[in-house]
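Reader: I have a structure to read and I am new to this. Can you take me through its rings and its strands?

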Amino acid sequence: HVGLGPPGGGGVPKVRAKSFTVSEALMTGTGEALFGYLAACVAESLEELLGALPSEGGPLPLGFTFSFPAEQSALGRGTLVKWTKGYSATGVEGEDVVALLQSALDKMKLHVRVTALANDTVGTMMAKKLTDPRAEVGIIFGTGTNACYIEQVKNIVKMQGGSIASERMCINMEWGNFGKSGANRALLPRGAVDERVDKESLNQGEQLLEKLIGGMYTAKLTCEMYNDLAAKGEVAGPDGGGGLTPDVLSTEVMSSIEAMDEDAVVACMREKLGVSKAAAADAAALLRVTRLVSTRAARVSASAIVAIARHAGYLSKEEATVIALDGSVIRHYSTFKERIQACIRELAGDAGDKLVLELADDGSGLGAAVIAATA
């Protein structure tokens, strides 16, 4: 819940938050169950954070952060194009997700109205714009990855011939799907392990950029590469066989491993990863694989950021452009942001310093709430 303060602004938004986890059963079950759960989370949050459900006056405006490809025809209307990030709930693709959530809220008789649909990248950018008007780009580095930026309407082919009052418009890029076409796919630094991870995914041949960057995939890539070495007998594998999995070797653990010395990595492998026979050589191999995967992810991310900057002219502007960041990887992987910044300088030279990477406080949820409150 976000309180924006008195009319006219000037105050600091008061943010109260409660987190929930979406189970795999909900991710892959029915849309009715998924949206029913979301509505129940809204009700629980309001009761806990506000002390009661809204019942008087106009309905409480709700901003819906939806981090999946959607065809958005209005601020409060958007059709899911295709599920990503392991979701496959039935009855949602091709449907208006705002209507689905509103229906679930209405069934619970909640005095809440979904007034705005916002991709999490847009929410992140808007959250940063509250405190820094230089924010022009929003990027999520979490389970998956995506970006948005502000474009001149005159450059948007779909808008030609229309009557658009504004000269600028926010574009949700869905950059995670870069590489779907053959020509673009050839530009991505993919290898045999990438092909295997893609083949085993729920969306083979899609989200190929995301599969190089997103935490859901970098952990899997690291496990696969280490397991390949174990299968060849070059390193010790987990007790009982089966190989490492992202359940134990998550991106959070990867980040911790990179900050450890060799002895600490050995201890981590024995105590947390189930590799009781781990020795110094095994730790060195795991550390090398982890750094290779995470560094590649950061460098691919930097390349995409510089591509946006060159297209939008940020590198030739007098003032700096702020790039708002959010997501579990950028927040919790200690070296990720600095690696991105270093590669930006490699690619753009001194002009790269005009691209300022900053975390967005309270992230996409705050941005969506701001959009809903001002809709």
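**Rings, then strands**

Author: We start with the rings. This model is predicted. Two aromatic rings pair if their centres lie within 6.5 Å, and by this rule there are nine aromatic pairs. In one of them, the ring centres of Phe66 and Phe68 are 5.1 Å apart and the planes stand at 55°, so the pair is tilted.

Reader: Are Phe66 and Phe68 buried or exposed?

Author: Both Phe66 and Phe68 are buried.

Reader: Which residues form one aromatic cluster?

Author: The cluster is made up of Phe35, Phe64, Phe66, Phe68, Trp83 and Tyr87. Phe68 also has a charge over its ring: the charged end of Lys85 sits there, 4.9 Å from the ring centre.

Reader: Now the strands. How do strands of a sheet pair?

Author: They pair through backbone hydrogen bonds, either parallel or antiparallel. Here five strands form an open sheet with mixed pairing, in the order E9-E8-E7-E10-E11. E9 (168–172) and E11 (355–359) stand at the edges with a single partner strand each, so one side of each has no neighbour in the sheet. On average, neighbouring strands of this sheet are turned by 20° against each other, direction ignored.

Reader: How many bridges join E7 to E10?

Author: Five bridges join E7 (135–141) to E10 (321–326), and the two strands run parallel. For Val137, the bridge partner in E10 is Ile323.

Reader: Which helix lies across E7?

Author: That is helix H4 (120–129), which runs at about 130° to E7. H4 also lies across E8 (145–152), E9, E10 and E11.

Technical notes: Residues are numbered from 1 along each chain as its sequence is written. This is a predicted model: local features need pLDDT of at least 70, side-chain atom pairs count only at pLDDT 80 or more; totals for chains, interfaces and linings use all residues. Side-chain values use heavy atoms; hydrogens and water are left out. Rings of Phe, Tyr and Trp (its six-membered ring) pair if their centres lie within 6.5 Å; planes under 30 degrees apart count as stacked, over 60 as edge-to-face and the rest as tilted. Buried means under 20% relative accessible area, exposed over 50%, partly exposed in between (1.4 Å probe, protein chains only). A charge sits over a ring if NZ of Lys or CZ of Arg is within 6 Å of the ring centre and within 35 degrees of the ring normal. Two strands pair if DSSP finds at least two bridges between them. Helices (H or I, at least four residues) and strands (E, at least two) are DSSP runs, numbered from the N terminus. Axes are lines fitted to C-alpha atoms, for helices over the stretch in contact, and angles run from 0 to 180 degrees between N-to-C directions. Contact means heavy atoms within 4.5 Å.
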